[in-house]
Amino acid sequence: ILKGVLIMFTRTDFWIGLAVGVVAGAFGYKYMQNRVQQQPVIAEGQEDCYFPGHISRFDRLESTRRYFASRGIGIEQSLESERFEYDKLFVYVDDKSDFDSFREYLGDDMEALDRGGKAYEVIQKGFSKATACQFIMERYDMDASHAYVFGDSSNDLAMFEYAEHAIAMGRHDSVLDPYAEFVTKTVENDGIAYAMKHYGLI
């Protein structure tokens with residue numbers, strides 16, 4: 001909260017969002033234990049990210065593993081260790097994957113958001129970055145005109161649809177364009193600070 005203004009954004013170096021719900025550990029691990037060979041999963045928690053213990057056939061997953069490892073992320077323990085908590089799953093699929101069965105297993109409690117490129121983000125149904133915005137605004141009795149959201153990917157869409165002031169980062173998914181009030185600079189070029197100055201917030 002800055003000058004009575006709500007600023008919400010996602011970390012764009014890896015997939016961490018705000019209050020998108022909790023995935024039950026027992027569900028995730030038991031299912032992944034059975035399906036990890038067919039549908040490699042990255043589990044994202046507040047402490048770390050957790051990758052399969054084996055090398056997969058998914059180039060994007062392995063590229064992400066290398067990127068995170070170079071930053072000290074996802075190297076302490078593997079997905080199969082079952083000794084961690086996580087908030088969200090990131091699932092890669094291909095033509096060999098049985099994704100229909102996976103989606104059916106999610107049932108009424110979870111949903112898979114299409115992130116493009118045959119990748120899905122699994123979150124608790126009924127919770128999104130928009131509901132997080134709504135919760136915070138109601139909690140602090142804030143007017144919608146005082147909320148500014150920042151995002152760069154398709155999982156920010158609900159938040160962009162909800163907020164009056166939606167700011168897209170310099171590199172962002174085009175799905176956000178119809179809802180973006182302003183496009184700022186990239187993260188590397190201090191895009192958040194640039195946008196805040198643009199709006200007179202700092």
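Biologist: Two strands pair if DSSP finds at least two bridges between them. With that in hand, how many bridges do E8 and strand E9 have?

Modeller: Two bridges, in the parallel sense. E9 covers residues 182-183. Keep in mind that this is a predicted model.

Biologist: Which residue in E9 is the bridge partner of Ala168?

Modeller: Val183 is the partner of Ala168.

Biologist: Which way do the side chains of E8 point?

Modeller: E8 spans residues 165-168. His165 and Ile167 point one way, while Ala166 and Ala168 point the other. All of them are buried. In a regular strand, side chains alternate between the two faces of the sheet.

Biologist: How many bridges does E8 make with strand E7?

Modeller: Four, again parallel. E7 covers residues 147-151. Val149 stands opposite Ala166 in E8.

Biologist: What do E7, helix H5 and E8 make together?

Modeller: A right-handed β-α-β unit. H5 covers residues 157-162.

Biologist: Now Tyr199. Where is it in the chain?

Modeller: Tyr199 sits in the segment after helix H6, which is 191-198.

Biologist: What does Tyr199 touch, leaving out residues up to four places away in sequence?

Modeller: Tyr148, His165, Ile167, Glu181 and Phe182. His165 and Ile167 are the pair that point one way from E8. Phe182 is 17 residues from Tyr199 along the chain, and their C-alpha atoms are 9.7 Å apart.

Biologist: Why is Tyr199 called partly exposed?

Modeller: Because its relative accessible area is 21%, and buried means under 20%.

Biologist: How many bridges join E2 to strand E4?

Modeller: Four, and the strands run antiparallel. E4 covers residues 88-92. Val41 stands opposite Val91 in E4.

Biologist: And how many bridges join E2 to strand E3?

Modeller: Two, also antiparallel. Glu44 has Cys49 in E3 as its bridge partner. A hairpin of four residues joins E2 to E3.

Biologist: Are the E2 side chains buried or exposed?

Modeller: All are buried. Val41 and Ala43 point one way, Ile42 and Glu44 the other.

Biologist: Last one, H2. Which residues of H2 are buried?

Modeller: Leu61, Glu62, Thr64, Arg65 and Phe68. These cover an arc of only 160° around the axis, so they are on the same side of H2. They pack against E2, E3 and E4. Exposed Asp59 and Arg66 are on the face turned away from that buried side.

Biologist: Why is Arg65 counted as buried?

Modeller: Because Arg65 has a relative accessible area of 17%, and the cut-off for buried is under 20%. Leaving aside neighbours within four places in sequence, Arg65 is in contact with Phe51, Pro52, His54 and Ile55.

Note on methods. Residues numbered from 1 in each chain as written. Predicted model: local features only at pLDDT ≥ 70, side-chain atom pairs only at ≥ 80, totals over all residues. Heavy atoms only, no water. Buried < 20%, exposed > 50% of the residue type's maximum accessible area, 1.4 Å probe, protein only. Right-handed = clockwise from strand over helix to strand, strands pointing away. Contact = heavy atoms within 4.5 Å. Arc of directions from axis to C-beta.
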